[in-house]
Amino acid sequence: MRQTTTVRGYESSSYGDGFADVYDDWYGDVTDIEATVTRMRALAGDAGSVLELGVGTGRLAVPMYDAGLAVTGIDTSAAMLERLAERDPDGNIESIAGDMVDDLPDGPFDAALVAYNTLFNLLGDGNQARCFQAVASRLRSGGSFVVESFVADAERSAAPEGRQVPPVSGVSVRSMEVDRVVLSVSLDSPGDQRASGQFVEFSEAGGVRLRPWSIRWATIEQLDSMAAAAGFEVAERFGSMVGDVFTDDSSQHVTVYRLAV
């Protein structure tokens, strides 16, 4: 029987609710914040408006605001938005509790950002394409949509005709301390372009804590196709937010999609 990467009971807010209390500690420096701010200012203008999808704890939104941008952020997780409110007690970031496909504010915005694989949190059939369409309708003419994600290997999902690509499971140690250990349990199904897992935390003080995640990844070619269908063209592509040259060996990409003027 074929394994599935679906985490039973997983909802759109599950990731945020599970990771909100550790997100800044675990992922606070996962991408270059200063480079992100610089790039968004260049695209939106020094005092432009930016819509961030999956705003989370405000790791990027607050520094963008501090740099002079008007920032609106949306997230399905109440726990993440509570962390954002703690970081932004004056409410400078307009935060919206909602889905980044169906609940986007009207705009118009000068630029939009979906950082660090967040687009892949959209699991439903066609939802990533609908996200491109929704963002396009909220941007000004000539506006930019910045997508940051890992480079998915299309060959991983390919198999000889009539055969399925078998899922791959794994267990590894994320961290280990005297009174605490965190294991990473994952199941990757390349044929479905899906992967899911749990970070399982054992501690003397707290017992067991589960932090689930699930993604539906897309190749660059698939992302470009979704963007084109929504009226975007590829303006620039880099190997990182800093602006490294994108090559066949790049493990991540930052693509700037731009609407026609």
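The structure is a predicted model. Helix 6 and helix 7 pack at an angle of about 45 degrees, and helix 6 is largely enclosed by the rest of the structure, because 7 of its 10 residues are buried. Elsewhere, the peptide bond from Gly107 to Pro108 is cis, and Asn117 and Gln193 each have a positive phi.

**Helix 6 and helix 7**

- Two packed helices are described by the angle between their axes and the distance between the axes.
- Helix 6 spans residues 127-136 and helix 7 spans residues 220-229; their axes lie 8 Å apart at an angle of about 45 degrees.
- The two helices are therefore oblique to each other, and helix 6 passes helix 7 in a right-handed crossing.
- On the helix 6 side the contact is made by Gln128, Ala129 and Phe132, which meet Leu223, Met226 and Ala227 of helix 7.
- By class, this contact has 5 nonpolar residues, 1 polar residue and no charged residues.
- The buried residues of helix 6 are Asn127, Gln128, Cys131, Phe132, Ala134, Val135 and Ala136.

**Thr72 in strand 2**

- Thr72 belongs to strand 2, which covers residues 70-75.
- Thr72 has a relative accessible area of 7% and is therefore buried, the cut-off being under 20%.
- The side chain of Thr72 makes a polar contact of 3.4 Å with the side chain of Glu94.
- Not counting residues up to four places away in sequence, Thr72 touches Val50, Leu51, Glu52, Glu94, Ile96, Pro105 and Phe109.

**Arg140 in strand 5**

- Arg140 sits in strand 5, residues 139-150.
- The relative accessible area of Arg140 is 39%, so this residue is partly exposed.
- Leaving aside neighbours within four places in sequence, Arg140 is in contact with Pro108, Phe109, Asp110 and Leu259.
- Arg140 and Val261 are 121 residues apart along the chain, and their C-alpha atoms are separated by 8.7 Å.
- Phe109 is a contact of Arg140 and also a contact of Thr72.

**Backbone geometry in loops**

- Most residues other than glycine have a negative phi, and most peptide bonds are trans.
- The cis peptide bond from Gly107 to Pro108 has omega near 5 degrees.
- Pro108 lies in the loop between strand 3 (94-97) and strand 4 (109-114), and Pro108 is one of the contacts of Arg140.
- Asn117 has phi near 70 degrees, a positive value in a residue other than glycine.
- Asn117 is placed in the loop between strand 4 and helix 6, and counts as buried at 18% relative accessibility.
- Gln193, also not a glycine, has a positive phi of about 55 degrees.
- Gln193 is in the loop between strand 7 (180-189) and strand 8 (194-203), and its relative accessibility of 16% means that it counts as buried.

**Val22**

- Val22 is located in the loop between helix 1 (14-19) and helix 2 (23-27).
- The relative accessible area of Val22 is 8%, so Val22 is buried.
- Val22 and Leu53 are 31 residues apart in sequence, and the C-alpha to C-alpha distance is 20 Å.

Conventions:
Residues are numbered from 1 along each chain as its sequence is written. This is a predicted model: local features need pLDDT of at least 70, side-chain atom pairs count only at pLDDT 80 or more; totals for chains, interfaces and linings use all residues. Side-chain values use heavy atoms; hydrogens and water are left out. Axes are lines fitted to C-alpha atoms, for helices over the stretch in contact, and angles run from 0 to 180 degrees between N-to-C directions. Helices (H or I, at least four residues) and strands (E, at least two) are DSSP runs, numbered from the N terminus. Angles under 35 degrees count as roughly parallel, over 145 as roughly antiparallel, 65 to 115 as roughly perpendicular and the rest as oblique. A crossing is left-handed if the near helix is turned anticlockwise from the far one by less than a right angle, and right-handed if clockwise. Contact means heavy atoms within 4.5 Å. Ala, Val, Leu, Ile, Met, Phe, Trp, Tyr, Cys and Pro count as nonpolar, Asp, Glu, Lys and Arg as charged, and the others, Gly among them, as polar. Buried means under 20% relative accessible area, exposed over 50%, partly exposed in between (1.4 Å probe, protein chains only). A polar contact is a pair of N or O atoms within 3.5 Å; within protein, one must be able to donate a hydrogen and the other to accept it, and residues adjacent in sequence count only if both atoms are side-chain atoms.
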